[in-house]
Amino acid sequence: MPTLREVLDDRVIEGDRALWEPIPDGASARNRVRCYACGHCCPIAEGQRGVCKVRFNQGGKLYVPFGYVAGVQCDPIEKKPFFHASPGALAYSFGMLGCDLHCSYCQNWVTSQALRDPEAVSPPMPADPESLVKDALAQGAKVVVSTYNEPLITSEWAAAVFRKAREAGLQTAYVSNGNGTPQVLKYLQPWIDLYKVDLKSFDDRHYRQLGGRIEPILDTIRALHGMGIWLEVVTLLIPGFNDSDDELRSLTEFVASVSVDIPWHVTAFHQDYKMTSPADTRPQDLVRAAMIGRAAGLRYVYCGNLPGRVRGLEDTHCYQCGETLIRRLGYWIEDYKLTSEGACPVCRAAIPGRWSREFDGQITAAPFLPRSRSRLVRILTSE
Ligand code: SF4
C-alpha cells in the first residue's frame, strides 16, 4: 500500500516559474532552487522538500501539488469569514494538504499537518478544475474558496481552479495565514477577488512559536490592500497567548494604519489539537478586544464563534450614522438594509465591500444545511 507521501508525490506538476527559480550552483551544492510561494522562501536542495513538505526539488526543478482535493464543502460565506462580500452567498470551499506553519491549536490540523504529523490523515481525492467549478455551480455557490490547508503553498492549483471559476462568473477567495511574498501575490492578483488573512498575533516571538515570522504577514496585509483585493483580517483570541490589551492595541492600530475600512474579526478559541491548556475564550474577552479595535479607529469590528452572546458585535453598522445595516446571528443573516449601491439607506454613506446589487437571501434552510451534498464528493466516493 503506498504511503500518503507517495500518493501526493504522484499528484504534482512542475511549479510555475513565477514562484521558484534556480539558485546558481555553488562550490558545495548543485541543482538547488528557491521557492517563493510563501514567506519562508525556502532554498531547497535536490531531493529535498520545503518547510511545507508538499513542494519538493527533483532534478533541479520544483514540483508542486496539483490535481486533487482533500476536502470539498459548501459553507455560508460568513463562515470564512467574509462579512463585506456577497452576504448570504454560498462559498464552495476546497483544500489540499499541508501548511507552512504548525500552530498547535489548528482547527484544520487533519489537512494542514499532513506529512508532518502521522495522525493527520485526510485521503486526497483526484479532481480537476472543470469538475470543481461545475460542482460549485450545481450547488448554487457564488464564490470558490481555497481553504482548509494553507492555500499559498498550493497556489498553482488554486490559480487553475480560479481561472475556470472566473470564466463561469464565480468570485474567488483565499482563506490564508497571509505568509505571502511579492511574487505569489503578483501571481494571484489576476485571479483572486477576496482574501482573508489570519493575523494571529502582533508579537514576532509568538509567530516564531508557530513556525513563522510576523513581517511577511504584515507586508501581505499592506500589499493586498494596495492591490485592491478585498481583504478581511481575523484574529483568533487565545487567552494568555495573544489577548493582552497592549498586543491587541498594537495589532488593531496596525490594521487601522493600513485602512480603517478593513473589517477585523476577533473570534473565540476553543481547545483543539495540541493546545488543550488555555481556557476557551469568553464572550467578555471578545467584547474587550472589540472595544480595543474600535478605539484604534477600525470601523468594522466583529466578534465571532459565540453567536448571540456578544452584544450586537456580529452586526454591520453604518460608521457615519450608526444604523444597523446587516443583522447577523452566527452565519445567519437576519436583516439586510444596504442599498443596491452598497450604501446606508439612512445617511447614504458608502460602506466598503464587494456587495451584490441586492440581497438574494440565504440558500440555506438553517445554519447550516447545504441544498444537497456535493455532487463531486458523491462521484469521488461513489456513493
Ligand atoms: S511554499 Fe513556503 S514552505 Fe513550501 S517550499 Fe515554498 S517557500 Fe518553502
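On a 1 Å grid over the protein atoms alone, a cavity is a set of points where a 1.4 Å probe fits but cannot get out, and a pocket is an open set with protein on both sides within 12 Å along at least five of seven lines; a lining residue has an atom within 4 Å of a point. The model on display is predicted: local features need pLDDT of at least 70, side-chain atom pairs count only at pLDDT 80 or more, and totals for chains, interfaces and linings use all residues. Residues are numbered from 1 along each chain as its sequence is written, and side-chain values use heavy atoms, with hydrogens and water left out.

**Stop 1: the cavities**

Select L8, D9, R11, V12, R49, K53, V54, P65, Y68 and L115, which line the second largest cavity. About 40 Å³ of space lies there, a volume being the space filled by probe spheres set on grid points that are joined across faces, edges and corners. By class, this lining has six nonpolar, no polar and four charged residues. In that division Ala, Val, Leu, Ile, Met, Phe, Trp, Tyr, Cys and Pro count as nonpolar, Asp, Glu, Lys and Arg as charged, and the others, Gly among them, as polar.

Next, select C35, A37, C38, C41, C42, I44, G50, C52, R55 and I153, the lining of the largest cavity. The volume of the largest cavity is about 70 Å³, and its lining divides into eight nonpolar residues, one polar and one charged. A search of the whole structure finds two cavities of 30 Å³ or more.

**Stop 2: the largest pocket**

Move to the largest pocket, with a volume of about 1,100 Å³. Centre the view on K80, Q107, N108, V175 and K196, which are the closest to the pocket centre of the 45 residues that line it. Then colour the elements that give two or more residues to this lining: β8 (71-76), α2 (109-112), β12 (171-176), β13 (194-198), β14 (230-237), β15 (264-268) and β16 (301-304). Here helices (H or I, at least four residues) and strands (E, at least two) are DSSP runs, numbered from the N terminus. The lining of the largest pocket comprises 17 nonpolar, 19 polar and nine charged residues.

Within strand β14, pick out W230. W230 counts as buried because its relative accessibility is 9%; buried means under 20% relative accessible area, exposed over 50%, and partly exposed in between (1.4 Å probe, protein chains only). A C-alpha to C-alpha line from W230 to A165 spans 17 Å, with the two residues 65 apart in sequence.

**Stop 3**

Select β9 (residues 90-95), a mostly covered strand in which six of six residues are buried. L90, Y92 and F94 point one way from β9, while A91, S93 and G95 point the other way. Strands pair if DSSP finds at least two bridges between them. β9 pairs with β8 in the antiparallel sense over six bridges, and C74 has Y92 as its bridge partner in β9. With β11 (residues 143-146), β9 pairs in the parallel sense over four bridges; in this pairing S93 stands opposite V145 of β11.

**Stop 4: aromatic rings**

The structure holds eight aromatic pairs. The rings of F56 and Y63 have centres 6.0 Å apart and planes at 25°, so this pair is stacked. The criterion is that rings of Phe, Tyr and Trp (its six-membered ring) pair if their centres lie within 6.5 Å, with planes under 30 degrees apart counted as stacked, over 60 as edge-to-face and the rest as tilted. F56 counts as buried, at 7% relative accessibility.

**Stop 5**

Show R17 and W20: the charged end of R17 sits over the ring of W20, 4.4 Å from the ring centre. A charge sits over a ring if NZ of Lys or CZ of Arg is within 6 Å of the ring centre and within 35 degrees of the ring normal. R328 lies over the face of F83, at 4.0 Å from the ring centre.

Follow R328 to its bridge partner in β19, I333. Strand β18 (residues 324-329) and β19 pair in the antiparallel sense over four bridges, and L329 has W332 as its bridge partner in β19. The two strands form a hairpin with two residues between them, and G330 in the turn has a positive phi of about 60°. Finally, display the open sheet of three strands, ordered β17-β18-β19 with antiparallel pairing. Its edge strands, β17 (316-317) and β19 (332-336), each pair on one side only.
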